[in-house]
Amino acid sequence: MKVLFVASECDPFIKTGGLGDVVYSLPKYLNKIGVEARVVIPNYSDIKVNFKSKMKFIKSFKVPMSWRSQYCGVLQYEEGGVTYYFIDNEYYFKRQGIYGFYDDGERFSFFDRAVMTMIKEIDFKPDVIHCHDWHTGMIPVLYKNEFISDPFYRHIKTIYTIHNLLFQGVFPPEVLGDLLNLTDHLYYNGSVEFYGCSSFMKGGINYSDKITTVSDTYAKEIQTPLYGERLDGLLRYKSEELIGIVNGIDYSTYNPETDGYIYKKYNTTTLNNKVVNKLRLQEELGLGVSKDTPMVAIVSRLVKQKGINILIPILDILLEKDIQLVILGTGDREYEEHFSNLQSRYPKKVSAKLTFNNGLAHKIYAASDMFLMPSLFEPCGLGQLIALRYGSLPIVRETGGLKDTVTSYNEESHEGNGFTFGPYNSQDLLYTIERALSFYGNKEIWSSIVRKAMEQDNSWETSAYKYRELYEELTEK
Ligand code: ADP
């Protein structure tokens, strides 16, 4: 079974969020269970030099884009048994940053056609092309409307995984003809048309053989108007082909017993060492040094999706208590400014690092006692899974993957690995944080929940098998 993962990011080369984690860790696990998974992403200039210097040039060819013909180089890199390909074109990818450019429609039209062309050029015919998010949505469209007629490509199956339905890749309708060499028939038959534009996301949903998303609950939620981002009707229509498979995390990257980033390694039997991480981080961040002060952490994009606007109104109330708040994130300016002001007002209680820093993220997961994710919606969420693994108890809203992976502590049955709430408002969030703080005071209860959280299996073990089954099911047809 050969599978080609196509995505816009992959850790450790380039990552802005959970997508990068998944595209790195899932192929590694699949390779262990007999699936030959390879990965292809663009060769961004932001990829670190230590990787670039090890990439091997393997081929170049031209990619037709309507009236243009663009250069495409293919670079290859191997690590941990996985082969990675990088699509090289300096005009499209030699820039600072990876998304948010005026010509993203053109950049990813090029990428999608380049990947389809590459398969034949390098003679790697996968059984399944596994596409991720809108950037790769035109691959199934190109396949079913063009490449399938070439005998080399026949019998390939496509899977399209939605990691976040909010970002859809919606561009003027002309992208179809001017960039993708496709006819406007696809616009007029409605399969790619989206409110007068062309949608990469809609194309991916309509033309792939199977659609997956990253948790069971999110798979259901996106079929409703509240979470469906105006595609809920289509997703309901496609519900037979849509399934949710919850993400895992890479247990070798995220392991408090072996993590090279953290101050002191620990496991469920050496929780005292977890406290050392807190004391050292407090020192490093200039916070008050105290082992008994609960440290509440946020490691996240600072955007509306993450529930920041229900958190902000209650921060002053929370900070009257003996707690510390550690924030690591980048995002909307108003949120960044709010957290930076908060740090100035509470220098010993609040640390706001408005940057992307992987090493610091690991330190925060290890040091903190609680991890906040009051998301408005959350397709899966990896933050809470990493937090569980490091014994930082998640405080989350019951949505998407948060609902599927965190269960609220129940003082009678002693079940649960975190604290959850349902309605999206500040009062319920405040109540839930206060509830968590009330248990923090009881060391025996707290450490028993921490141990349970750390022992919960959120590795890829189970989900990788589900993907393998899906590949098998598709290719048997
Ligand atoms: P999303 O993909 O919506 O951003 P997830 O929870 O699925 O959210 O994944 C976020 C990933 O990115 C986690 O691995 C988290 O630790 C990491 N991350 C988010 N913000 C930062 C940051 N500022 N610095 C380092 N890592 C971050």
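The model is predicted, so local features need pLDDT of at least 70 and side-chain atom pairs count only at pLDDT 80 or more, while totals for chains, interfaces and linings use all residues. Residues are numbered from 1 along each chain as its sequence is written, and side-chain values use heavy atoms, with hydrogens and water left out.

Domain 1 covers 2–248 + 461–476 and domain 2 covers 272–458, with bounds from an automatic or database domain assignment. Their centres, taken over C-alpha atoms, are 33 Å apart. In the contact (heavy atoms within 4.5 Å), domain 1 takes part with 22 residues and domain 2 with 19 residues.

The buried area (accessible area, 1.4 Å probe, that two parts lose on being put together, summed over both) is about 1,400 Å² between domain 1 and domain 2, and carbon and sulfur atoms give 59% of this area. Polar contacts (a pair of N or O atoms within 3.5 Å; within protein, one must be able to donate a hydrogen and the other to accept it, and residues adjacent in sequence count only if both atoms are side-chain atoms) join 8 residue pairs across this interface, both residues at pLDDT 80 or more. On the side of domain 1 that touches domain 2, two or more residues each come from helix 1 (18–32), helix 9 (216–221) and helix 20 (461–476); helices here are DSSP runs (H or I, at least four residues), numbered from the N terminus. Helix 9 gives the most, with 4 residues.
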